[in-house]
Amino acid sequence: HGVIFTDANTGAAVGDYEPIVRTPNGGTNWTCQSSGTTQALRKVFFLDANVGWAVGDSGTILHTTDAGTHWTSQSAGTTYGLVGLAFTDANNGTVVGDVGTILRTPNGGVTWTSQSSGWRNDLCDVSFTDANTGTAVGYGGTILHTTSGGATWTSQSSVTSERLLGVSFSDANTGTVVGWTG
């Protein structure tokens, strides 16, 4: 379901069942790592070759500081499926998921706090360009934007009512959103 590369060689991917797979050589070889969960994992995010998080079904949040050799569970405070995540540094992160769920951490996931999106649509992905500026996307063409680190989210105009599955911003004004029907 999710893949990320922190450089041209180092990458990780997650899917429906336990293993998280990692590559040190641009995908030529992949090795399985035990995630310690039986939940489907939906997204993986690494800040660098060592520090990363994965999210998935039933409120699953996993964290590693040793390139995935060991994954520890973090308490999300929800049982909703979690589908997207982004961190701007080792402390500030946001997770999105089912039924408009948005969770925020200021401490690397030691604690997660629910934020109100004002929406009940499932959210599929989130992108932050700094600790305050972010965009989340989801079902029904939902596009939400924050400039307050998620304290408030405002709806943005969308040209579709289709499911939006991914979002990536390179700076506060330049981004791409992809969806179900292209």
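View 1. Strand 7 covers residues 60-64 and is mostly covered, with five of its five residues buried. Strands here are DSSP runs of E, at least two residues long, numbered from the N terminus. This is a predicted model, in which local features need pLDDT of at least 70 and side-chain atom pairs count only at pLDDT 80 or more, while totals for chains, interfaces and linings use all residues. Residues are numbered from 1 along each chain as its sequence is written, and side-chain values use heavy atoms, leaving out hydrogens and water.

**View 2. The hairpin into strand 7.** Strand 6 (residues 52-56) pairs with strand 7 in the antiparallel sense over five bridges; pairing takes at least two DSSP bridges between the strands. Three residues sit between the two strands of this hairpin, and Ser-58 in the turn has a positive phi of about 55°. Look for Trp-53 too: its bridge partner in strand 7 is His-63.

**View 3. The other neighbour, and the whole sheet.** Strand 8 (residues 72-74) runs antiparallel to strand 7, joined by three bridges. Here His-63 has Thr-72 as its bridge partner, and Ile-61 has Gln-74. Zoom out and you get an open sheet of four strands in the order 5-6-7-8, with antiparallel pairing. Strand 5 and strand 8 are the edges, each with a single partner strand, so one side of each has no neighbour in the sheet. The twist averages 25° from one strand to the next, using axes that are lines fitted to C-alpha atoms (for helices over the stretch in contact), with angles from 0 to 180 degrees between N-to-C directions.

**View 4. Ile-61 in the core.** The largest nonpolar core has 22 residues, and Val-44, Ile-61 and Val-95 have the most contacts inside it. Such a core is a set of buried Ala, Val, Leu, Ile, Met, Phe, Trp, Tyr and Cys residues joined through side-chain atoms within 4.5 Å. Strand 5 (41-46) is one of the strands that supply at least two residues, and strand 5 gives the most, with four. Leaving out residues up to four places away in sequence, Ile-61 touches several residues, including Trp-53, Leu-82, Val-95, Leu-103 and Trp-112 (contact: heavy atoms within 4.5 Å).

Technical notes. Buried < 20%, exposed > 50% of the residue type's maximum accessible area, 1.4 Å probe, protein only.
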